[in-house]
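Biologist: I would like to learn how to read a structure like this one, taking its features in turn. Could you show me the general idea each time and then the case at hand?

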Amino acid sequence: MPARPLSGARGAPPGAPGKSPRFPEASPGAASASSGASGNPRDSPRISLALQGYGRTAKLLHWLIVLLVLIQFVIAILMPDIGPDTVPGTLIDLHFSFGVLIFVVMAGRFVHRLLHPVPLDLPDSPGWERRVASATHRTFYFILLVGPFLGWASASAHKLPVEVFGFFTLPGIAAPRAPWALTAGDIHALMMWILLALIALHVGAALYHYLFRHDDVLRRMLPRGDS
Ligand code: HEM
Ligand code: HEM
């Protein structure tokens with residue numbers, strides 16, 4: 001992101017979300033906390049990393065997840081309802097397989113994200129907008145990392161094998177008809193519809209920034225955009 005060296009760190013109110021060192025979205029607080037001996041935040045290796053924006057891998061993983069989640073929702077909508085008498089079928093197998101793949105890619109993305117802190121780049125936005133953006137991103141990680149386990153529990157409770165693209169089969173994690181696992185299935189489905197609503201919000205926000213605010217928010221996540 002060549003022309004905007006400190007953007008993203010600008011304008012964040014003290015105590016704004018995203019300062020947590022465990023899931024860092026760099027902020028002025030973080031910058032001053034880790035300034036080098038010269039007192040210039042740019043001398044800090046942590047901040048110079050954070051100010052680079054989204055790198056190639058982060059962008060690749062973002063758009064890969066978008067593609068996989070899109071495919072997964074199409075499959076989920078087309079697959080038969082899962083109930084006591086459901087027998088395994090192609091769409092159900094595909095749902096489980098893509099679900100496991102999404103979990104694995106998302107776990108990789110999460111680790112990559114922890115190692116490469118990226119500031120939210122909403123310099124001219126009010127605090128509430130930064131908070132909503134940050135909470136939405138965290139919720140994406142939460143749903144896509146925890147949700148698959150609830151689906152897996154439900155599959156086990158319905159005695160459906162979780163075969164991953166025909167390569168291997170995961171063991172069951174719940175007894176047949178286990179009440180907690182059936183409830184987990186309901187929560188899984190609910191969580192995923194909430195995810196879909198949040199994706200609509202997220203896409204709407206990205207387009208709003210691009211079309212009306214004319215800022216760099218969308219561009220820096222695009223393959224050839226600033227980073
Ligand atoms: C992370 C990606 C996933 C997404 C986006 C997703 C999405 C969904 C959606 C939207 C439904 C509701 C379908 C409907 O109401 O017609 C659903 C149901 C279900 N999914 Fe997933 N799923 C994912 C991962 C998984 C995984 C990894 C498994 C199993 C290993 C799984 C197993 C199930 C089961 C068993 C149901 C039926 C739940 C019930 O009604 O008890 N899902 N999924
Ligand atoms: C399955 C759908 C999607 C998911 C799960 C998703 C998830 C995420 C997550 C977790 C982040 C935070 C990145 C990080 O700090 O690790 C993010 C950032 C971003 N996403 Fe998405 N995204 C989705 C779809 C889209 C789409 C379709 C667009 C564009 C229209 C988009 C545009 C952006 C932009 C511009 C950012 C950067 C925001 C910033 O930090 O300034 N996303 N997305």
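Biologist: How do the residues of the shell around ligand 1 divide into nonpolar, polar and charged?

Modeller: Please keep in mind that this is a predicted model. To read a shell, one sorts its residues by class, and here the shell around ligand 1 holds 14 nonpolar, 8 polar and 2 charged residues.

Biologist: Which residues come nearest to ligand 1, and which elements give two or more residues to its shell?

Modeller: Of the 24 residues around ligand 1, the nearest are Gly99, Pro148, Gly151, Gly185 and Met192. Helix 3 (56-78), helix 4 (90-115), helix 5 and helix 6 each give two or more residues to this shell, and the largest share, 7 residues, comes from helix 5.

Biologist: How do helix 5 and helix 6 pack, roughly parallel or roughly antiparallel?

Modeller: One reads the angle between the two axes, and an angle over 145 degrees counts as roughly antiparallel. Helix 5 (residues 127-157) and helix 6 (residues 179-213) pack at about 150°, with their axes 8 Å apart, and the two are therefore roughly antiparallel to each other. Their crossing is left-handed, and the residues of their contact divide into 16 nonpolar, 9 polar and no charged.

Biologist: Which residues make up the largest nonpolar core, and which helix gives the most to this core?

Modeller: The largest nonpolar core has 11 residues in all, among them Ile92, Phe96, Leu150, Trp152 and Ala184. Helix 4, helix 5 and helix 6 each supply at least two residues of this core, while helix 5 gives the most, with 5 residues.

Definitions and conventions: Residues are numbered from 1 along each chain as its sequence is written. Chains are lettered from A and ligands numbered from 1 in the order in which they are written. This is a predicted model: local features need pLDDT of at least 70, side-chain atom pairs count only at pLDDT 80 or more; totals for chains, interfaces and linings use all residues. Axes are lines fitted to C-alpha atoms, for helices over the stretch in contact, and angles run from 0 to 180 degrees between N-to-C directions. Helices (H or I, at least four residues) and strands (E, at least two) are DSSP runs, numbered from the N terminus. Angles under 35 degrees count as roughly parallel, over 145 as roughly antiparallel, 65 to 115 as roughly perpendicular and the rest as oblique. A crossing is left-handed if the near helix is turned anticlockwise from the far one by less than a right angle, and right-handed if clockwise. Ala, Val, Leu, Ile, Met, Phe, Trp, Tyr, Cys and Pro count as nonpolar, Asp, Glu, Lys and Arg as charged, and the others, Gly among them, as polar. A residue is near a molecule or strand if its C-beta atom, placed from the backbone, lies within 6 Å of it. A nonpolar core is a set of buried Ala, Val, Leu, Ile, Met, Phe, Trp, Tyr and Cys residues joined through C-beta atoms within 7 Å. A residue is buried if 20 or more other C-beta atoms lie within 10 Å of its own, exposed if 12 or fewer, and partly exposed in between; C-beta atoms are placed from the backbone.
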